[in-house]
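Take a walk through this protein model, one stop at a time. Keep the sequence and the 3D view side by side as you read.

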Amino acid sequence: MLASKKIQTEYEKVKVLENTKKRGYEFEKLIKALFELNELSPKGSYKAKGEQIDGSFFWQGQTFLLEAKWTQEAIPASSIYSFKGKLDGKFHTTSGIFISVGGFSEDAELALKFGKTLNILLFDGNDVELLFKGHVDFVDMLIFKLREAGDTGSLYVPYNTKAIASKLSTSQAEPSINYSETEARLIPSIEDILVFVEHIDSIYVAKDLMETFRSTCDISYRITSFQESITLASLPSLISAYERFGSAKGVIIILEEDFNSEITKGKLDNITEQFENSSIPITPLFLFLNPIDVTQGQNNLRSLWMSNDKILAMLNDYITVIAEDQYNPYPEPEKIIASRLQDLYWDYERQEVDAPSDYDDFPHTLETLDDLIEYLNDEIAAVMNAEMPLEWLKDQDGLNYKMMIKQYLIENYQPHLRKLGWTEIF
């Protein structure tokens, strides 16, 4: 359930308290009230073997211990380690919820992953605002975080990631090129590649890079810059949330920093590992520009990128792999069946079907079900013979799609066949 008006009012009072100890105490009471509202059988703070536990609740057969902090500073990894120590030795269905209004240090989540078990979910100030202002139900937020942790291994996924992903999916995309139906089969088509850049000025550079592949690949892509709500560490969970609204085929991250930095390398290794171990079927591509070049001005920056053969080669290889996975240049028999059936005239009174003729103005009459199946099989074979490679045709012992045609008719054209009296197919 959403926070009641009373809880929302009390939350606003807690926000203005200057005494940090009293604010922390009142905050714990407020969290317990929210858990009670959601019927989570909460317990207040207590001490166990000298350990201070800020509270707990029970949901779906699992016990969650609580640590809550209301500080201005981000919580360091050491504080989370300390909380994790309180979970160790508990029953295997025990997990932790760490709520920090001030957020968490940049290395906090990464540090947690060095442990053997991932059993703590992190809630920050944005999550707290959404909860205590009645914008989202606590159980819904918990389910979201549990699902993201399971899908991506991310323990720190702010709930507003879902809104960010939705906004990204509706942002302006560079559309695919409009080719004719015949021409479109000649080149791969990729929708939708997500491109992230560090600064707004780099959007123009990224667009120039992507446009260099328009002659060989029909690409639809979206470019956005990192901001406070989109960070490098949040990318796996953001792409996972994006799958609810769209289907990303590739993720390109353009960074203006030195790849040789150990800190940067550690971050990227962690992000890549998250993608590899998650349910997201994407491998990210990281492109780097020397930070010295960034200071040369936007126009010069664009020329530096466009003349960088290494970057262009990496991008070409990445897009080529995606295109090969997505590209199916050969005609699909079911689409040919659907197209030809739409061109037929069903004469129920005469119990016949008229098919257009390629040779004269008179239709070709199909008098039986076998005639119809034979006609459709010949139409598919004609298209396949014209479109498929010679090597493929040599391996075929005659093109026979009659079983597929029968199944398609049963699933999609039963009323027509019954009106004609052609019921032997059922």
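**A walk through the model**

The model is predicted. Begin with S41, in the loop between helix 2 (20–37) and strand 1 (46–48). Its backbone does something worth a look. Most residues other than glycine have a negative phi. S41 is not a glycine, yet its phi is positive, at about 45°. Is S41 buried or exposed? S41 has a relative accessible area of 55%. The cut-off for exposed is over 50%, so S41 counts as exposed.

Move along to Q60. This residue sits in the loop between strand 3 (55–59) and strand 4 (62–69). Q60 also has a positive phi without being a glycine, with a value near 50°. The relative accessible area of Q60 is 66%, so Q60 is exposed.

Strand 3 and strand 4 run antiparallel, and 5 bridges join them. Here W59 stands opposite Q62 in strand 4.

How accessible is D127? The relative accessible area of D127 is 0%. Buried means under 20%, so D127 is buried. What does the side chain of D127 reach? It comes to 2.8 Å from the backbone nitrogen of Y159. Leaving aside residues up to four places away in sequence, D127 touches L122, M141, K145, P158 and Y159.

Helix 5 also has a helix partner. Two packed helices are described by the angle between their axes and the distance between the axes. For helix 1 (residues 5–15) and helix 5, the angle is about 140° and the axes are 9 Å apart. That angle makes helix 1 oblique to helix 5. Which residues meet there? From helix 1 come I7, Q8, Y11 and K15. From helix 5 come V128, E129 and F132. Sorted by class, this contact has 4 nonpolar, 1 polar and 2 charged residues.

How many of the residues of helix 10 are buried? The count is 8 of the 8, so helix 10 is largely enclosed by the rest of the structure. The buried residues are L235, P236, S237, L238, I239, S240, A241 and Y242.

The last stop is N400. Find N400 in the loop between helix 17 (390–394) and helix 18 (402–412). N400 has a relative accessibility of 54%, so N400 counts as exposed. Now locate D378. N400 and D378 are 22 residues apart along the chain, and their C-alpha atoms are separated by 8.7 Å.

Terms used. Residues numbered from 1 in each chain as written. Predicted model: local features only at pLDDT ≥ 70, side-chain atom pairs only at ≥ 80, totals over all residues. Heavy atoms only, no water. Helix = DSSP H or I, 4+ residues; strand = E, 2+ residues; numbered from the N terminus. Buried < 20%, exposed > 50% of the residue type's maximum accessible area, 1.4 Å probe, protein only. Pairing = 2+ DSSP bridges. Polar contact = N/O pair within 3.5 Å; in protein donor to acceptor, adjacent residues only side chain to side chain. Contact = heavy atoms within 4.5 Å. Axes fitted to C-alpha atoms, helices over the stretch in contact; angles between N-to-C directions. Parallel < 35°, antiparallel > 145°, perpendicular 65-115°, else oblique. Nonpolar A, V, L, I, M, F, W, Y, C, P; charged D, E, K, R; others polar.
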